[in-house]
Amino acid sequence: APAEIETDALIIGAGPVGLFAVFELGLVDIKAHVIDILDKPGGQCAELYPEKPIYDIPAHPTITGQALTDRLLEQARPFEPTFHFGQRVESLRKTDGGFEVETDLGTRFRAKVVVVAAGGGSFTPKRPPLAGIEGFEGASVFYAVRKIDAFRDKAVLIVGGGDSALDWTLNLQPIAKSVTLIHRRDEFRAAPDSVNKLRELLADGSVRFIQGQLTKLNGDSGALRSVTIRGPVGGLDLEYDVEAERLLPFFGLTMKLGPIANWGLNLNENQIAVDTARFETSEPGIFAIGDINTYPGKLKLILSGFHEAALMAQAAQKIVYPGKRSVFQYTTSSSSLQRKLGVI
Ligand code: FAD
């Protein structure tokens with residue numbers, strides 16, 4: 001079994017607010033581990049609008065979602081957070097003197113305080129509308145590649161025309177028995193370099209492309225044999241079967257609250273209720289900041305999350321260092337804060 005990781009603070013969600021929480025906690029000597037189901041930091045900013053400019057971040061008249069993420073990472077760097085990507089926090093329970101948290105990959109954490117910075121919930125792959133697909137999930141149908149070996153020497157079918165679909169077509173082609181890419185159009189919205197590589201593999205026959213849509217999965221007991229596809233063949237609109245032992249549909253992501261609903265925290269319309277002095281939930285020691293929380297007057301803005309992170313850190317300090325007298329200090333003039341930041 002994987003070892004249990006001990007940390008002062010565990011942050012659930014690496015969106016802009018979770019990232020700024022690393023910084024605010026660091027200023028009060030609290031070390032953090034950060035978990036996100038995505039494979040990268042930045043939450044909505046990085047996943048939904050990396051190239052769009054944001055105009056209401058204080059002192060940045062304009063900054064893109066990705067640039068803001070990069071700046072927040074740079075600002076948090078002196079505090080050396082440990083990130084755990086591609087994992088979803090499933091359970092959170094109270095123990096003597098803290099909390100135990102477990103992810104869907106079985107990583108376990110023991111933390112003195114937990115900061116839920118889960119935004120709109122965990123990013124979850126969209127499920128294609130195919131009858132009985134649940135029965136194949138985890139055995140033949142996957143929404144992400146976690147173990148390459150599950151695809152070795154298999155007839156792999158990948159659906160989609162974006163970066164994920166193309167990346168996995170290119171990466172699985174060398175090890176799979178065959179790779180077939182299906183998309184509604186013969187046009188791809190992916191990095192030009194990936195599109196060029198795909199065109200080369202199509203030209204030399206190492207990958208097959210089918211224009212069309214999935215209409216049915218065929219197989220039993222979770223073992224997929226083939227899929228039925230509807231699409232143009234020689235000017236006709238036909239339905240036909242294609243061999244497939246593994247299916248990877250990439251239909252985009254949605255945000256779902258997910259397991260947070262089961263943690264026994266007071267919720268108000270799927271948001272976690274908090275107070276506005278500490279941003280603490282109904283469970284002392286569990287804080288909620290950013291888009292996931294609610295309180296009178298809440299504005300779902302990044303700048304609100306930043307303020308919430310600062311007050312949360314002050315309250316968390318009293319739990320992690322009980323009895324320690326905290327002195328209010330400015331980063332501009334405090335040599336102790338500047339030493340922590342590594343600037344002097
Ligand atoms: P998020 O960014 O949602 O990040 C939360 C992270 O937690 C996600 O990555 C999620 O996968 C992860 N997570 C959740 N549950 C789990 C779990 N159980 N296990 C593991 N990981 C989990 N705001 C502004 O202030 N100004 C703007 O101009 C602006 N423009 C926007 C434009 C668009 C198109 C959108 C969609 C939003 C915009 N917003 C804007 C809103 C802003 O993006 C959000 O307020 C901000 O992202 C909230 O940050 P967060 O860190 O609270 O949550």
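**Helix pairs and domains in a predicted model**

Helix 1 (residues 16–27) and helix 6 (residues 302–320) pack at an angle of about 35 degrees, and their axes lie 8 Å apart. Helices here are DSSP runs (H or I, at least four residues), strands are E runs of at least two, and both are numbered from the N terminus. Axes are lines fitted to C-alpha atoms, for helices over the stretch in contact, and angles run from 0 to 180 degrees between N-to-C directions. This is a predicted model: local features need pLDDT of at least 70, side-chain atom pairs count only at pLDDT 80 or more, and totals for chains, interfaces and linings use all residues. Residues are numbered from 1 along each chain as its sequence is written.

The crossing of helix 1 and helix 6 is right-handed. That term means the near helix is turned clockwise from the far one by less than a right angle; anticlockwise is left-handed. Helix 1 contributes P16, V17, F20, A21, E24, L25 and L27 to the contact, and helix 6 contributes I302, G305, F306, A309, A310, M312, A313 and A316. Contact means C-beta atoms, placed from the backbone, within 7 Å. By class there are 13 nonpolar, 1 polar and 1 charged residues. Ala, Val, Leu, Ile, Met, Phe, Trp, Tyr, Cys and Pro count as nonpolar, Asp, Glu, Lys and Arg as charged, and the others, Gly among them, as polar.

Now take a second pair. Helix 4 (residues 163–172) packs with helix 5 (residues 192–203) at about 45 degrees, with axes 10 Å apart. That makes helix 4 oblique to helix 5 (under 35 degrees is roughly parallel, over 145 roughly antiparallel, 65 to 115 roughly perpendicular, and the rest oblique). Their crossing is left-handed. D163, L166, D167, T169 and L170 of helix 4 meet S194, V195, K197 and L198 of helix 5. These contact residues divide into 4 nonpolar, 2 polar and 3 charged.

Step back to the whole chain. Domain 1 covers 4–124 + 254–341, and domain 2 covers 127–251. Such bounds come from an automatic or database domain assignment. The domain centres, taken over C-alpha atoms, are 37 Å apart.

UniProt (unreviewed entry) annotates residues 8–296 as "domain: FAD/NAD(P)-binding". Over that stretch the chain is 18% helix and 36% strand. The same record's "binding site" feature sits at D36, Q44, Y49, V89, F123, D291 and T332. Those positions span 297 residues in sequence, and the farthest two C-alpha atoms are 37.5 Å apart, so they do not all gather at one spot. Q44 lies in helix 2 (residues 43–47). UniProt positions use the numbering given here, feature names are shortened, and annotations may be inferred rather than shown by experiment.

Terms used
Two residues are in contact if their C-beta atoms, placed from the backbone, lie within 7 Å.
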